[in-house]
Amino acid sequence: MHTVFRIGDIRKLDKKSPLYEVDLKLTSDDDQQLRQLTDRIREEVDRTGWHRMGQLLLKIGQFNKAEELYMALLEQASNDSDKAHIYHQLGRLKDGQGQYTEAASFYEMSLEIYRRTLPEDHPSLANTYNNIGGVYDNMGDYSKAVEFYKKTIKIKEKALSPDDPDLALSYNNIGGVYKNMGDYSKALEFYEKSHQILEKALPSNHPHLASSYNNIGGVYNDMGDYSKALEFYEKDLEITKKALPPNHPDLATSYNNIASVYDDMGDYSKALEFYEKDLEITKKALHPNHPDLASSYNNIGGVYDNMGDYSKALEFYEKSLKIREKALPPNHPDLAYSYNNIGGVYNNMGDYSKALSVLEKALAIQQKTLPSTHPLIKVTKGNIDYVKKKM
């Protein structure tokens, strides 16, 4: 493999210089942690030739290069098995790019081929069900997402060991849907099931373990337990900085999540510092209309909103809304979230007619897509009542 170093001390040369001095220590061939991580990644990238290269490109977030490769492989595919695999991989990369409708289309083409050639309980069908569930989750159709994730779990619980990382992935995914639905106890239950498996199965510096810490931290954050949330988010960041390239989207997510805790704690300068780190990576790593970029703009807008800088807040909220209107279905809950935030700014600025208009848009979407008991619906109704009293 290529030369690998561990980063030691980092020192700025002087106050005026943008240059830093970094102490690097060359890893040796008997570095146990590095060997475990390398061996694990080799196991996960399990195909040969160009297919192996495609899997690696997806794993490191190089979606455009992966698409070029898989489209070329599709032209050369000589049998249904190869075509099903390539359609599946194209679905993965479109999902990674935030193009969910196209992702669903590729996954369904893959599923159609697999159903002609495989029994209903075959593990390959489970993987496709899992990814289709992920697309519906990203599109905000949570009931559909749960439906496909349950199909996945049913197959995997029969086919796999109770300690298999693939089963952990399914528990993790359905936990994410419950989190999105506001059922935090269910979300934590499935995230912890997933984490227990991953701790046994993976090296301590594996990116999937980092993601697991991140997800548990997210539930604690939503529950208002900020010290617990920060504890898990910092564990995630520690692993992610070691395991992934410096411009990987997962590193941006880690910065974003730590920022969100500081934001909730009222430490706005710290929140802005970490949100800007997130935005810097996200702008480089993702498509300009990717929903994650919209989230980055939205979050920075939220900090300015909390600081009382309403013109700045509106600027970033509108950047976020512009992307979401292009990238998401018209009834996606994230659109409602944007409308709610913009309505709040207009309310704070005293423009109650504009506030009421956008808040009603938010409520209409939420009532179509979320359970009637979801806390966001209660928040939006409360905001509308408040604005009406002010008018």
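Trainee: Ser296 first, is it buried or exposed?

Mentor: Ser296 counts as buried because its relative accessibility is 1%; buried means under 20% relative accessible area, exposed over 50%, and partly exposed in between, with a 1.4 Å probe and protein chains only. Bear in mind that this is a predicted model, where local features need pLDDT of at least 70, side-chain atom pairs count only at pLDDT 80 or more, and totals for chains, interfaces and linings use all residues. Residues are numbered from 1 along each chain as its sequence is written, and side-chain values use heavy atoms, with hydrogens and water left out.

Trainee: Which helix does Ser296 lie in?

Mentor: Helix α14 holds Ser296. Helices (H or I, at least four residues) and strands (E, at least two) are DSSP runs, numbered from the N terminus.

Trainee: And what does Ser296 touch?

Mentor: Leaving out residues up to four places away in sequence, Ser296 touches Asp278, Leu279 and Thr282. Contact means heavy atoms within 4.5 Å.

Trainee: What do the buried residues of α15 pack against?

Mentor: They pack against α14 (291–307) and α16 (333–349). Among the buried residues in α15 are Leu314, Phe316, Tyr317 and Arg324.

Trainee: How does the span of α15 compare with what it should be?

Mentor: It agrees: at 1.5 Å a residue, the 18 residues of α15 should span 26 Å, and the end C-alpha atoms are 26 Å apart. The expected span is 1.5 Å times one less than the number of residues.

Trainee: Where is confidence lowest and where highest?

Mentor: Strand β1 (residues 5–12) is lowest, at a mean of 55, and helix α15 (residues 310–327) is highest, at 97. The chain averages a pLDDT of 87, and 87% of the residues score at least 70. pLDDT is the predictor's confidence in each residue, from 0 to 100.

Trainee: New topic. What about Gly218, buried or exposed?

Mentor: Gly218 counts as buried, at 7% relative accessibility. Gly218 is in helix α10 (residues 207–222).

Trainee: Which residues does Gly218 touch?

Mentor: Lys179 and Tyr233, not counting residues up to four places away in sequence.

Trainee: And how far is the C-alpha atom of Gly218 from that of Ala187?

Mentor: The two C-alpha atoms are separated by 10.0 Å, with the residues 31 apart along the chain.
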